[in-house]
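Please examine the sequence and the structure shown below. The paragraphs that follow treat helices first and then individual loop residues.

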Amino acid sequence: MIEKDLDKFRSITNSLLEAEKKEPVVKPIPAEQLLQVLDLGLEENGIEDEELYLKLQEVVMKTPRTATNQFFNQLFGGRKSKAVLGDLMSVILNNSMYTYKVAGPMVGIEKEILRKICNLIGYGEDADGTIAPGGSMSNFVAMVMARDAFKKDIRFTGVQDKLIVYTSADCHYSIAKNASLMGVGRDQVRFIPTNEKGVMLIDQLEKEIEKDKVDGYSPFFINVTAGTTVMGAFDPVEETAKIAKKHNLWLHVDGAYCGAVIFSNQYKHLVAGAEKADSFSVNAHKMLGTPVTCSIIVAKDKKYLSNSFAADAKYLYQTDGDDYNLGKTSIQCGRRNDALKFWTLWKSLGTEGLRNMVDHQFYLADVARDYIRNNPDYNLYSYDKSISVCFNYKGIPAEKLCTLLYKHAELMVGFGSFQEDEFVRFVTINADNGKEDIINFFKVLEDFVEKNKEELFNLNSINA
Ligand SMILES: Cc1ncc(COP(=O)(O)O)c(C=O)c1O
């Protein structure tokens, strides 16, 4: 039976690959019409295989295409075939990563990835990590470890101190959300202002910490971002580490977006001092081209991982030691194998190949910035050494431009805002792209504006 379905998988995938070449952006179905356009309903009785295949193919063909050279909407993109191969194998194998008994060599694969990431950061032998379901959850893991490191019994007694989190005003929303999930509370998050490049102001950080101490609060956690979500800015790790040490606070580097610079000789300096941080996260599903999700969180001292996440369960842990039963250091119980897809990619390209991917993304961003700087119809809002290229074109409101490009199935690109400005956020994260794809993006955008002048310069509506 599986053979027949795998044959069908192959044929639907081939159709999709062909369709992607002709139509890199799929015409969206208006959300409110979705249930009329596609048969998504679940019924009491099942359907014949042939009918199922047709319905599946229809849904696949209408789904947004994230692997093409016209998708720039989020902080991931492209399709690395060796990583896809690994991911497909993990679906076929269907292991769960909590024990060696059930996951076997997959445990070794995950441990190898974690060890290599720790080495790249510059952590020593005491370091270790886990793979979490996304960068938000990696940040959560870090915050929980920090809370438990702050006070020995807090995981039993619950949060009674007025714990305070420090992060920049431009950090990812998961920092505040996690503070709320942890019972610390969103109001206990201090958002430190940033400079004109989106980098956290360190002297302000220290002032806030000192003030909070005087006011009877308990600072416990500083987050710095390696690649802020909109501007792609890097907070200074080295300087923050000094403050964290002085005040005895946990320092976490949220490298979900651009922490992969640890692979690059040219850009590693953007996280200089990372080895002094207590924890570091990086999403392989962003700069490292691995299918969503593969988020790695490592701690300088592995004792904090087991301190916060180990739990005894006779029904689960029945063979092998804690070192090989990865459930002892993860937030989940049953856990998908997110390691294999990254391993097949890494094994195939080598560390050198991943380094080239990272460097190439910065090169593509340079291409985009050069294009913008040489064309007076554009305004550039972002800075060098970032793979987020933020701009406006001919003064057209970014929301309107991005929404119409999407509705007309021309380009998938999003908008963002920073301080007073709103702009198109163009992200050069798809390392499958070349210089010509970047130039093509601007040409498609410019042609579209030329053809749709009336609609675009009419300020009242964004409806296509
Ligand atoms: C800086 C930063 N941290 C965390 C996240 C969250 O990662 P995920 O989407 O994998 O939860 C993002 C996502 O864009 C991010 O940019």
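A residue is counted as buried if 20 or more other C-beta atoms lie within 10 Å of its own, as exposed if 12 or fewer do, and as partly exposed in between. The model is predicted. In helix H7 (residues 135-150), 14 of the 16 residues are buried, so H7 is largely enclosed by the rest of the structure. From its first C-alpha to its last, H7 reaches 23 Å, close to the 22 Å expected at 1.5 Å a residue.

A pair of helices may be considered next. Helix H10 (residues 202-214) packs with helix H11 (residues 237-247) at an angle of about 15 degrees, and their axes are 10 Å apart. Angles under 35 degrees count as roughly parallel, and H10 and H11 are therefore roughly parallel to each other. The crossing of H10 past H11 is right-handed. H10 contributes Ile202, Leu205, Glu206 and Ile209 to the contact, while H11 contributes Glu239, Thr240, Ile243 and His247. By class, this contact has 4 nonpolar, 2 polar and 2 charged residues. An α-helix has 3.6 residues a turn, so residues three or four places apart point the same way.

The loops contain several backbone features. Val292 and Thr293 are joined by a cis peptide bond, with omega about -10 degrees; Thr293 is found in the loop between strand S7 (279-283) and strand S8 (295-299).

Ala409, in the loop between helix H14 (398-407) and strand S11 (412-418), has a positive phi, near 55 degrees, although the residue is not glycine. Because 16 other C-beta atoms lie within 10 Å, Ala409 is partly exposed. Gln419 lies in the loop between S11 and strand S12 (421-427), and its phi is likewise positive, near 50 degrees. Gln419 has 12 C-beta neighbours inside 10 Å and therefore counts as exposed.

Terms used
Residues numbered from 1 in each chain as written. Predicted model: local features only at pLDDT ≥ 70, side-chain atom pairs only at ≥ 80, totals over all residues. Axes fitted to C-alpha atoms, helices over the stretch in contact; angles between N-to-C directions. Helix = DSSP H or I, 4+ residues; strand = E, 2+ residues; numbered from the N terminus. Parallel < 35°, antiparallel > 145°, perpendicular 65-115°, else oblique. Left-handed = near helix turned anticlockwise from the far one by under 90°. Contact = placed C-beta atoms within 7 Å. Nonpolar A, V, L, I, M, F, W, Y, C, P; charged D, E, K, R; others polar. Expected span 1.5 Å × (residues − 1).
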